[in-house]
Amino acid sequence: MGQEITLAQLRQWLVTYASRIKSQEALLTELDAAIGDADHGANMRRGTRKICERMADPEFRHDDVSSLLRAVAMTLISNVGGAAGPLYGAFFLRAAQVGQQASAITLDELATMFRAGLEGIQQRGKAQLGDKTMIDALQPAVEALEAAAKEGLSVAAALEAARSAAEMGMQNTVELQANRGRASYLGPRAIGHQDPGATSLYYLLESAAETLGESTGAPAAANRQAAETPAKVSRPT
Ligand SMILES: Nc1ncnc2c1ncn2[C@@H]1O[C@H](COP(=O)(O)OP(=O)(O)O)[C@@H](O)[C@H]1O
Ligand SMILES: [Mg+2]
């Protein structure tokens with residue numbers, strides 16, 4: 001315990017996610033072509049590219065965790081059409097609401113943010129586990145993250161557990177009939193296809209495991225103190 005996840009790592013997470021989406025865009029399109037309208041790859045590509053563009057802007061000054069996540073949410077909500085944009089937006093917005101106005105967070109805080117994000121998606125989309133949506137990848141990952149945090153695992157081990165849970169959840173969507181989203185119009189014909197949103201959500205966890213687990217050496221508490229100087233207070237957006 002005590003290991004920190006820094007703002008720089010969270011930014012790297014988003015950049016890594018964007019590059020994963022870019023490399024898997026064709027697969028996401030193909031999955032959505034089978035049970036939706038073939039736009040999930042393009043939707044996610046546009047949203048993640050915009051996030052990277054905004055973060056690269058010298059005017060971008062979201063220098064605490066909560067403010068960064070809120071900016072990500074707003075970028076997704078205003079740039080991504082379809083169901084997924086507002087749903088991912090809800091994830092980041094709710095995570096921002098419980099996120100810290102600090103430049104580093106603990107694993108417990110990350111788990112709290114992911115739980116809030118899950119609740120945000122559910123409040124907006126009303127999907128439950130087993131409805132063949134992104135929830136099927138996210139919920140098991142959140143539960144794994146919470147369990148790992150409780151057991152005092154390292155950030156790296158916790159995120160690997162969450163990644164693995166998300167992967168299983170994503171794979172489980174193949175056998176499911178959809179109860180939410182476009183795929184629900186297909187009834188039993190959706191069975192046999194992996195859900196595109198669960199797949200993009202898996203990449204979010206995969207990217208997190210790649211970027212947030214690396215030890216940065218400093219204990220979170222020390223960094224937190226440094227981050228709570230007045231200069232780091234989040235500014236209104
Ligand atoms: N109500 C919902 N709750 C959670 N996820 C949903 C919901 N509706 C759709 N999704 C997710 O969104 C994905 C489709 O996203 P996308 O293709 O970008 O939007 P659209 O369905 O509007 O074309 C689905 O694969 C599913 O995972
Ligand atoms: Mg679609």
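Helices (H or I, at least four residues) and strands (E, at least two) are DSSP runs, numbered from the N terminus. This is a predicted model, where local features need pLDDT of at least 70, side-chain atom pairs count only at pLDDT 80 or more, and totals for chains, interfaces and linings use all residues. Residues are numbered from 1 along each chain as its sequence is written, while chains are lettered from A and ligands numbered from 1 in the order in which they are written.

**View 1. The chain has nine helices and two strands.** Of its 237 residues, 52% count as buried (20 or more other C-beta atoms, placed from the backbone, within 10 Å of a residue's own).

**View 2. Helix α6 (residues 135-151) packs with helix α8 (residues 196-211).** Their axes, lines fitted to C-alpha atoms over the stretch in contact, sit 7 Å apart at an angle of about 30 degrees, running from 0 to 180 degrees between N-to-C directions. That's why α6 counts as roughly parallel to α8 (angles under 35 degrees). D136, A137, L138 and A141 of α6 meet A198, L201, Y202 and L205 of α8, with contact meaning C-beta atoms, placed from the backbone, within 7 Å.

**View 3. Here are the 24 residues around ligand 1.** Each has its C-beta atom, placed from the backbone, within 6 Å of the ligand. G82, A84, G125, G181 and G197 come nearest.

Notes:
Parallel < 35°, antiparallel > 145°, perpendicular 65-115°, else oblique. Contact = placed C-beta atoms within 7 Å. Buried ≥ 20, exposed ≤ 12 C-beta atoms within 10 Å, placed from the backbone.
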